[in-house]
Structure formats: structure tokens, C-alpha cells
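Biologist: I would like to learn how to read a fold feature by feature. Where do we start?

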Amino acid sequence: MPATSKDKTRVTYRDAGVDINAGNALVKAIAPLAARTDRKGVLGSIGGFGGLFDLKPCGFKDPVLVAATDGVGTKLKLAIETGIYSGIGIDLVAMNVNDLVVQGAEPLFFLDYFATGKLDLSVAEAVIGSIAKGCKEAGCALIGGETAEMPGLYAAGDYDFAGFAVGAVERSGVLPRDDVETGDVILALPSSGLHSNGFSLVRRIVKESGLGLGDAAPFAPDMKLGEALLTPTRIYVRQILDAIPATGAIKALAHITGGGLTENIPRVLPSELAAEIDLGTFALPPVFEWLMAEARLDRDEMLKTFNCGVGMVLIVSRDDAERVRQHLGEEAKVIGAIVKRGSGDSVRYKGARAWGAP
């Protein structure tokens, strides 16, 4: 005989695994973190049904909005396994705002989505705090987000997050420009490490190496392996936004993410052009050397999987190359040129051996 409503035990939302009070406590805890990212154009504060932003105070005359959304892939698993959360939010911001700036856009505001099975306030606050830190570095405001507690969907201790960024650029300043041509020079800015791509392979390589995340990193003995692999993605926003108006010479930019140089440079080139990269012009950083050796990867596989030490690419005319390079600083290197594509690949590599080895 089925139970009647009188026989049933009272079950609340909290009994089902969702603690609304914990969510409210998180909003209260992160409010001051978000406030530190405040910038011109922000209206109100977090906690409303939507974030408000006014373009007028930002000084745009004929703005085009640019939007991006991204995550950090399975790099997040390393953060969860090591308990190191201080940089993973910076990664999240970087993956979005670096995509905005390559189109000439100034990042204006950022929103995050954080989902977990059971909300751990200390973890969530640390993660969102690192998002706020990334926003501050990029000059964009953290104006809102969503925290979702979904018991049964995530294993204990697991969480996932995604980021959403919106920027603006004057219509006349949208990149890439339409004057990219043969003879143009390719400049590169270095990455800070792996950034946030290729981690499904990285995690497998670590597992098969027999090393633990708490062991000394073979390529950086003064750091633990997990800590070294979690080095945050570099944010290029301020440097690029300064260089674009200061030089007036940047024709195109490419953020080197998943797919490496091989897949990302063609995204900003006309179909009839190709990039010719001289591997002798930049060194392969130790972390990539270690991964390449451990997995026995060939050169081409490395170049279409990892950034290999190049996080941002700029295309300028040959006449402007040295002036732009000097403006960017000594770290900027000329790594190649734009050539006619013909029947070949859209990115070609030259050099006797990978990365200039004799």
C-alpha cells in the first residue's frame, strides 16, 4: 500500500544537497573581491539578476562589441588534485580576454559560472578570488556570475567553471586588418608556460612518468611538479592595448591556444597567404622539452598541440617590425614572415632541426 502524504518524511532543498545559505554566504564573501575590479562603465554591484555596464563613460564613439567564452580544460583537474587555486581563475580570465584583445578589443567586463556537487566556501572563494585577480590584471570588471550546486552531477570535491568576457573596439580598429601581405613580419611574445591547453595529454604524460604532482619538477627542480604545471596563463591585454595605438602598425594578432602555432596563425590570414616560421629564432622552454621527451612526440605534433613557448603572435609590415619590437621590449622576437601559400600548408616551419638545434 503506497504511503500517504502524512506518512512521508519532510524533505527540504538542503536535504537534497543544495544549501541556499551557503550560496548567499559566497556572494557576500566575494562582493569585496569583485569591487576591487571596478572600472569606468560599471553600474551597480554583484548580486542582481544581471550585471549592468554603460559604454558611454568609456569614451567609445563608434563601438563594436566583442564577446568570448572559454574554460581551462582539464588543467582544472590538476588544481583540484593539488589544492592550488591561486592561479586557475587567472587562467580562466586569460583564455577569454586574450581572445578579445587579438581583435583589437578592450575587455570591459567578465562573468563566471561555477558549478559543483556540494559548495565548499573556502574553495569557491579562493577560485573566484583568483578570477578577480585576473580581471584586475586585464583591466576588466567582474560584474556577476552564477554559482550552481548540483548534487549527483559532480563527484565529491569536483567543480567546473567557465568564463564569459565582453569587450569593445572602435569599428575602424577591428583586427585583423585587410592589408596583411607577403613580406610582413611575424613577431612573438613568450608564454608563461603551458597556459591552458593540452592538459589531457599532459596529465597522461605525468601518470606514465611515474611522478607525483608533489614531486620535484624535472624541468624546474625548485618547484613541485603540480605547482609548475599550474603556472597561470599570461594575460597580454595591457601590453597589446598599449602597443596598438602607440605604434599604429599592428595588422593582426593571434592568441596561441589549442592547436598551437600550426592552427592559430591561419585564423588571421587571408586564404592565399601562409606563415613561414623559423624555429631557430626561439628556444623550446624546459617544460615542453620534458613533455616532448617523455611522450616521444615529434616536432609537428608538439607544434599543433602546445604553444611551445609562444603565447601571442603579432603581424606587422617589414618597415615597422623593429619599431614595434622595440616598443614591446626585449622579449619580443621576430620568428618568421608572411609568404604566398600556393599549394603548401598555411604554416610552414624551417630550420635544420627543431628549435635551432645544431
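Modeller: With pairing. Two strands count as paired if DSSP finds at least two bridges between them. Keep in mind that this is a predicted model. Now take strand β11 (residues 273-278) and β13: five bridges join them, and they run antiparallel.

Biologist: Which residue of β13 is the bridge partner of Ile 277?

Modeller: Gly 336. Strand β13 (residues 333-340) also pairs with β7, through four bridges and again antiparallel. There, Ala 188 stands opposite Lys 333 of β13.

Biologist: Let us move to a whole sheet. In what order do the strands of the four-stranded open sheet run?

Modeller: The order is β3-β6-β4-β5, and the pairing is mixed. At the edges are β3 (63-70) and β5 (141-149), each pairing on one side only. Neighbouring strands are turned by 15° against each other on average, direction ignored.

Biologist: How many bridges does the pair β4 and β6 have?

Modeller: It has 10 bridges, in the antiparallel sense. The pair is made of strand β4 (residues 106-116) and strand β6 (residues 159-170). To find your place in it, look at Phe 110, which stands opposite Ala 165 in β6.

Biologist: Next, the interior. What is the general idea?

Modeller: In soluble globular proteins, nonpolar side chains tend to be buried together. In this model, the largest nonpolar core has 106 residues. Those with the most contacts inside that core are Tyr 159, Leu 229, Ile 277 and Val 313.

Biologist: What is Val 313 in contact with, leaving aside its neighbours within four places in sequence?

Modeller: Its partners include Ile 186, Leu 187, Ala 252, Leu 253 and Ala 254. Ile 256, Leu 261, Ile 265 and Ile 335 are also among them. There is a second, separate core of nine residues too, including Val 42, Phe 53, Phe 60 and Val 166.

Biologist: Now the rings. How do I read an aromatic pair?

Modeller: Look at the distance between centres, then at the angle between planes. Planes under 30 degrees apart count as stacked, over 60 as edge-to-face and the rest as tilted. This structure holds six aromatic pairs.

Biologist: Why is the pair of Phe 53 and Phe 109 classed as it is?

Modeller: The ring centres are 5.3 Å apart and the planes are at 40°, so the pair is tilted. Phe 53 lies in strand β2 (residues 52-53) and Phe 109 in strand β4, so the pair ties together parts that are 56 residues apart in sequence. Phe 53 is buried at a relative accessible area of 18%, and Phe 109 is buried at 16%.

Biologist: And how do Phe 114 and Tyr 159 pair: stacked or edge-to-face?

Modeller: Stacked, with 5.1 Å centre to centre and 20° between the planes. Phe 114 lies in β4 and Tyr 159 in β6, so the pair ties together parts that are 45 residues apart in sequence. Phe 114 is buried at 3% relative accessibility. Tyr 159 is buried at 5%. Both rings belong to one aromatic cluster, formed by Tyr 85, Phe 114, Tyr 159 and Phe 161.

Biologist: What should I look for in a helix?

Modeller: See which residues are buried. An α-helix has 3.6 residues a turn, so residues three or four places apart point the same way. In α9 (286-295), the buried residues are Val 287, Phe 288, Trp 290, Leu 291 and Met 292. What covers them includes α5 (199-209), α6 (225-229) and α10.

Biologist: Which residue takes a positive phi just after α9?

Modeller: Arg 296, at about 55°. Arg 296 is found in the loop between α9 and α10 (299-303) and is exposed, with 70% relative accessibility. Cys 308 also has a positive phi of about 55° although it is not a glycine. Cys 308 lies in the loop between α10 and β12 (310-316). Cys 308 is buried, at a relative accessible area of 0%.

Biologist: One more backbone feature. Where is the cis peptide bond at Pro 176?

Modeller: The cis bond runs from Leu 175 to Pro 176, with omega near 0°. Pro 176 is found in the loop between β6 and β7 (185-190).

Note on methods. Residues are numbered from 1 along each chain as its sequence is written. This is a predicted model: local features need pLDDT of at least 70, side-chain atom pairs count only at pLDDT 80 or more; totals for chains, interfaces and linings use all residues. Side-chain values use heavy atoms; hydrogens and water are left out. Helices (H or I, at least four residues) and strands (E, at least two) are DSSP runs, numbered from the N terminus. Axes are lines fitted to C-alpha atoms, for helices over the stretch in contact, and angles run from 0 to 180 degrees between N-to-C directions. A nonpolar core is a set of buried Ala, Val, Leu, Ile, Met, Phe, Trp, Tyr and Cys residues joined through side-chain atoms within 4.5 Å. Buried means under 20% relative accessible area, exposed over 50%, partly exposed in between (1.4 Å probe, protein chains only). Contact means heavy atoms within 4.5 Å. Rings of Phe, Tyr and Trp (its six-membered ring) pair if their centres lie within 6.5 Å; planes under 30 degrees apart count as stacked, over 60 as edge-to-face and the rest as tilted.
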